Amino acid sequence: MLTTPSAEPAPPPVGSARRGDNADAAALLARFREVRGLSERLCKPLEVEDYVIQTMEDVSPAKWHLGHTTWFYERFILQEVVEGYRPVSEPYYYLFNSYYNAAGPMHCRPSRGLLSRPTVAEVYGYRREIDRRMAGLLAPQNRRERAPRASGGGGSSDMLRDRLILGLNHEQQHQELMVTDLKHIFSSNPLLPAYHRPEHAPPTPGTLAPQVAPPPAAWVPFEEGLRDMGRDLDGAGFCYDNETPRHRVYLRAFALASRPVSNAEYVRFVEDGGYERHELWLSAGWATVQKEGWRQPIYWFRDEPDPARPATPPGDLSDPAATRERAGASGPRWMQYTLSGPMPVDPAEPVCHLSYFEADAFARWAGGRLPTESEWEAAAAESGVAVAGNFVDAGLLHPEPMRAGGVGDSREALEGMFGDVWEWTASQYTPYPGFRALPGALGEYNGKFMCNQFVLRGGSCATSQNHTRVTYRNFFPPHARWQFTGLRLAKDL
Ligand SMILES: [Fe+2]
């Protein structure tokens, strides 16, 4: 039986603070509040009914994301740092554990949408209580030489800091998942409701511009040679263990397209029979196209000729015949479901919500290929590309058009490497040479997923700007297409 969150006094001060800890702790507490606040701001447009739905196994209800990210701090920080710690609610350890076998049993992932209890209000109450306990732990006068007692403990307040920063990055990952999950949830409703209105994300002038094709892409060349890639764990700034260790790779001469592939280019692929030509697809991709009835990106559909007829939800893959009917409809425009509701497909936007299979087939059709992750990282590092672009921070939650005078305008530089859309690479998600997972339960964070997935780079319009970097490795299975995922072409020189 679920219990009501119980109040517990903040951890009492013990011992003495390290020199310099006060400023560090205050900054950490400020960042903690900032990240926690964004999760809740992203939920501001939701009605209570929106918090609970799970439309497919990969999607989690917003309520679960809010609870799980909270559990992460409780289980991996408070539980391990505070002597005699009493959980807010023991059953939450079961409900909100995602996949950490070393942390105990967990609720079945596909059944997360079956939980009407705890209520949304109770989950917010859980957040309030954990926020209070964490603030007590992080308060400068309370932050002490405390080492986690398990799961690879043995450090000091540095370990507490590292755990907290991992928890914040973890919550930022879930913020992106929450946005993409909500998009899938809303798109599965025949009413195609908007998640947010312009007052939440005002359209930019570029968004309102007449629809025009993007500037042509150019090939940006890179020389053959050895490159260093990845990170060392003792380097400055946070990174995940899967980005380590820094190591050397050999690259043949290659070129990257100056910008991501646009909707205009992808429309040509679709209308050239791209989804009907087996020779363009990997075997597993072609099988998926047949099985799922794919004929266009997941959120695309044609204008409905009859306004009295409700639109078929574009995210609904359960009816391949309906999907084919939409693709063959005589409407003049391609439409896409966005978090602001249905909108025309803007030819200048980077194409989005592609699976690896679709990105790979498009590249083959276009006479190019996907870059490897080492090519992508080397190109970004050598070009000195700043981690700047359209991130969740802008509040648009949709890729921006690549207009003249903006992204993609240069014929010599790489544009749009960060933000807007994650870029699929040709690289399987595998451990770097010399990789060692974190000790203890947190070693399950990344390492155990290094099978049957592909690496994506750059971040998207749902990623926090301070969450990504040039070495960041995102990963998804090749059929996944509900994330903000696109591609950039590469070729051999
Ligand atoms: Fe998680």
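Two strands count as paired if DSSP finds at least two bridges between them. By that rule, this predicted model contains an open sheet of 4 strands in the order E10-E9-E8-E11, with mixed pairing. The edge strands are E10 (474–476) and E11 (485–486), each of which pairs on one side only.

- Strand E8 (residues 422–428) runs antiparallel to strand E9 (residues 454–457), and 3 bridges join the two.
- Within this pair, Glu423 has Arg457 of E9 as its bridge partner, and Gln428 has Phe454 of E9.
- E9 is also antiparallel to E10, again over 3 bridges.
- Here the bridge partner of Leu456 is Asn474 in E10.
- In a regular strand the side chains alternate between the two faces of the sheet.
- In E9, Phe454 and Leu456 lie on one side and Val455 and Arg457 on the other; all of them are buried, and both faces of the strand are covered.

- Strand E6 (residues 334–338) is mostly covered, with 5 of its 5 residues buried.
- One side of E6 carries Trp334, Gln336 and Thr338, the other carries Met335 and Tyr337, and both faces are covered.
- Strand E5 (residues 300–302) pairs with E6 in the antiparallel sense over 3 bridges.
- In that pairing, Phe301 stands opposite Met335 of E6.
- E6 is joined by 4 bridges to strand E7 (residues 341–344), and these two strands run antiparallel.
- Thr338 stands opposite Gly341 of E7, and a hairpin through 2 residues joins E6 to E7.

**Helices H2 and H5**

- Two packed helices are described by the angle between their axes and the distance between the axes.
- For helix H2 (residues 62–81) and helix H5 (residues 157–187), the axes come within 9 Å and cross at roughly 170 degrees.
- Angles over 145 degrees count as roughly antiparallel, and the crossing angle therefore makes H2 roughly antiparallel to H5.
- H2 contributes Ala62, His65, His68, Thr69, Phe72, Tyr73, Phe76, Ile77 and Val81 to the contact.
- H5 contributes Leu160, Arg163, Leu164, Gly167, His170, Glu171, His174, Leu177, Met178 and Leu182.
- By class, the contact of H2 with H5 has 11 nonpolar, 6 polar and 2 charged residues.

**Helix H7**

- The buried residues in helix H7 (residues 263–271) include Asn263, Tyr266, Phe269 and Val270.
- These residues lie on the same side of H7 because they cover an arc of only 110 degrees around the axis.
- An α-helix has 3.6 residues a turn, so residues three or four places apart point the same way.
- Helix H10 (356–365) is included in what covers the buried residues of H7.
- Just after H7, Gly273 takes a positive phi of about 80 degrees.

**Backbone exceptions**

- Most residues other than glycine have a negative phi, and most peptide bonds are trans.
- Leu192 is not a glycine, yet its phi is positive, at about 45 degrees.
- Leu192 lies in the loop between H5 and helix H6 (205–208).
- Because 20 or more other C-beta atoms within 10 Å make a residue buried, Leu192, with 21, is buried.
- Asp420, also a residue other than glycine, has a positive phi near 65 degrees.
- Asp420 is found in the loop between helix H11 (373–382) and E8.
- With 29 other C-beta atoms within 10 Å, Asp420 is buried.
- The peptide bond joining Arg117 and Pro118 is cis, with omega about 0 degrees.
- Pro118 is placed in the loop between helix H3 (90–95) and helix H4 (120–138).
- A cis peptide bond also runs from Thr244 to Pro245, with omega near -10 degrees.
- Pro245 is placed in the loop between strand E2 (225–229) and strand E3 (247–251).

Definitions and conventions
Residues numbered from 1 in each chain as written. Predicted model: local features only at pLDDT ≥ 70, side-chain atom pairs only at ≥ 80, totals over all residues. Buried ≥ 20, exposed ≤ 12 C-beta atoms within 10 Å, placed from the backbone. Arc of directions from axis to C-beta. Contact = placed C-beta atoms within 7 Å. Axes fitted to C-alpha atoms, helices over the stretch in contact; angles between N-to-C directions. Parallel < 35°, antiparallel > 145°, perpendicular 65-115°, else oblique. Nonpolar A, V, L, I, M, F, W, Y, C, P; charged D, E, K, R; others polar.
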